[in-house]
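Please look over the sequence and the model, then read the points below.

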Amino acid sequence: LQRTEEEIKADLEAAKTADKHPDGSKMNKYEAKLATVFRGQPEEKVVEIMGNPEFNQAAGTRFLRYTEYWERAGVTVYGAQGVVGGDAGGYAKCFAEFRVRQDANGQWRVDDVLVRGDYQGAGLGKVSLLCEDATRPK
């Protein structure tokens, strides 16, 4: 297997930006993991491995999103003297979103990956667990 000098240079350049978004910002650990596997791959491969996504398309870009949620309802306990106690509840969510664009041949390919979490009253550990689930093949 001989590779041309151009192919080697292209691989070295790709390695320099492997953990960066197209705008140059650094990826988090979940994004870097998914980008290593999926960047440049056809969208069908994402769906085959990750399952059916939430789908959105705007202009020349498609977005394939996988979201995990956790929620605990708030509770208030009332007694004879009024409010005795309670729990405020909480929620957490994390999503992995694949940005897909057409290449020169019209094939839809993964261009970027975004993974974000949000929480209230749940703790960062819960978000980490949800992000692990959102980025795991189905």
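Accessible areas here come from the Shrake-Rupley method with a 1.4 Å probe. On that basis, the accessible surface of the chain is about 9,100 Å², and carbon and sulfur atoms contribute 51% of this surface. The model is a predicted one.

**Overall make-up**
- The chain has 4 helices and 6 strands.
- Read from the N terminus, the order of the elements is α-α-α-β-β-β-β-β-β-α.
- Of the 138 residues in the chain, 27% are buried.
- Among contacts in the chain with a separation of 6 or more, 55% join residues 24 or more positions apart.

**A nonpolar patch on the surface**
- Three residues, Val-75, Val-77 and Val-84, make up a nonpolar patch on the surface, and their accessible area together is about 260 Å².
- Val-75 lies in strand β3, which covers residues 75-79.
- Val-75 counts as partly exposed because its relative accessibility is 45%, and partly exposed residues fall between the buried limit of 20% and the exposed limit of 50%.

**Ala-59 in its loop**
- Ala-59 sits in the loop that links β1 (54-58) and β2 (61-72).
- The relative accessible area of Ala-59 is 81%, so Ala-59 is exposed; the cut-off for exposed is over 50%.
- From Ala-59 to Arg-101 the C-alpha to C-alpha distance is 9.9 Å, while the two residues are 42 residues apart in sequence.

Definitions and conventions:
Residues numbered from 1 in each chain as written. Predicted model: local features only at pLDDT ≥ 70, side-chain atom pairs only at ≥ 80, totals over all residues. Heavy atoms only, no water. Helix = DSSP H or I, 4+ residues; strand = E, 2+ residues; numbered from the N terminus. Buried < 20%, exposed > 50% of the residue type's maximum accessible area, 1.4 Å probe, protein only. Contact = heavy atoms within 4.5 Å. Patch = residues over 30% accessible without salt bridge, like charges linked within 9 Å, V, L, I, M, F, W, Y side chains within 5 Å. Salt bridge = Lys/Arg side-chain N within 4 Å of Asp/Glu carboxyl O.
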